[in-house]
Amino acid sequence: MRFLVACAAFALCVTPALAAEDIMAGSYGNTIVSTGGMTEIHTHYRADHSFDMVGSMMGMSRTYQGSWALDGKGNICRTFTGKLPPNVTNPLCTPIAARKIGDNWTITTDGSTRQVTLVKGIQ
């Protein structure tokens, strides 16, 4: 019985430490909103390494999905399944940093700049 209690206590101590090391933890259950040009993209990352994104432009929207992985070089690489978003390579790798709700940042890819925000919940 003491062994089970010790294991449970250890698991409670280790779980927060592992979550703190997960650079994507702030994204799970939330939405990354990216705007630029005439498009707005809502991306949802999950702990099981799946993601979906909904792109809206001029009243139309499309949904894309796939899996994501960190490449160990400071990038997140998304591999799309099915249809690819326009002008996107597969996999699509971009720099990543730990973020929290309310963070705003700018990304520039292929000469195009986008404003990005991490918002609470699935939107």
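**Close-ups of a predicted model**

**View 1. Met58 sits out in the open.** In this predicted model, Met58 counts as exposed because its relative accessible area is 62%, over the 50% cut-off. You'll find Met58 in the loop that runs between strand 3 and strand 4.

**View 2. Looking into the largest pocket.** This pocket holds about 1,300 Å³ of space. Its lining takes in 38 residues, and the ones nearest the centre are Ser34, Ile41, Val88, Leu92 and Arg114. Sort the lining by class and you get 20 nonpolar, 13 polar and 5 charged residues.

**View 3. Strands around the largest pocket.** Eight stretches of strand each put at least two residues into the lining: strand 1 (31-36), strand 2 (39-45), strand 3 (50-57), strand 4 (60-70), strand 5 (75-81), strand 6 (92-95), strand 7 (104-109) and strand 8 (112-119).

View 4. Rolling a probe the size of a water molecule over the atoms shows where empty space is left. Searching the whole structure turns up 1 cavity of 30 Å³ or more. About 40 Å³ of space lies inside the largest cavity. Around that cavity you'll see Ile23, Met24, Ser27, Ile32, Ile96, Ala97 and Arg99. By class, the cavity lining splits into 5 nonpolar residues, 1 polar and 1 charged.

Terms used:
Residues are numbered from 1 along each chain as its sequence is written. This is a predicted model: local features need pLDDT of at least 70, side-chain atom pairs count only at pLDDT 80 or more; totals for chains, interfaces and linings use all residues. Side-chain values use heavy atoms; hydrogens and water are left out. On a 1 Å grid over the protein atoms alone, a cavity is a set of points where a 1.4 Å probe fits but cannot get out, and a pocket is an open set with protein on both sides within 12 Å along at least five of seven lines; lining residues have an atom within 4 Å of a point. Grid points are joined across faces, edges and corners, and a volume is the space filled by probe spheres set on the points. Helices (H or I, at least four residues) and strands (E, at least two) are DSSP runs, numbered from the N terminus. Ala, Val, Leu, Ile, Met, Phe, Trp, Tyr, Cys and Pro count as nonpolar, Asp, Glu, Lys and Arg as charged, and the others, Gly among them, as polar. Buried means under 20% relative accessible area, exposed over 50%, partly exposed in between (1.4 Å probe, protein chains only).
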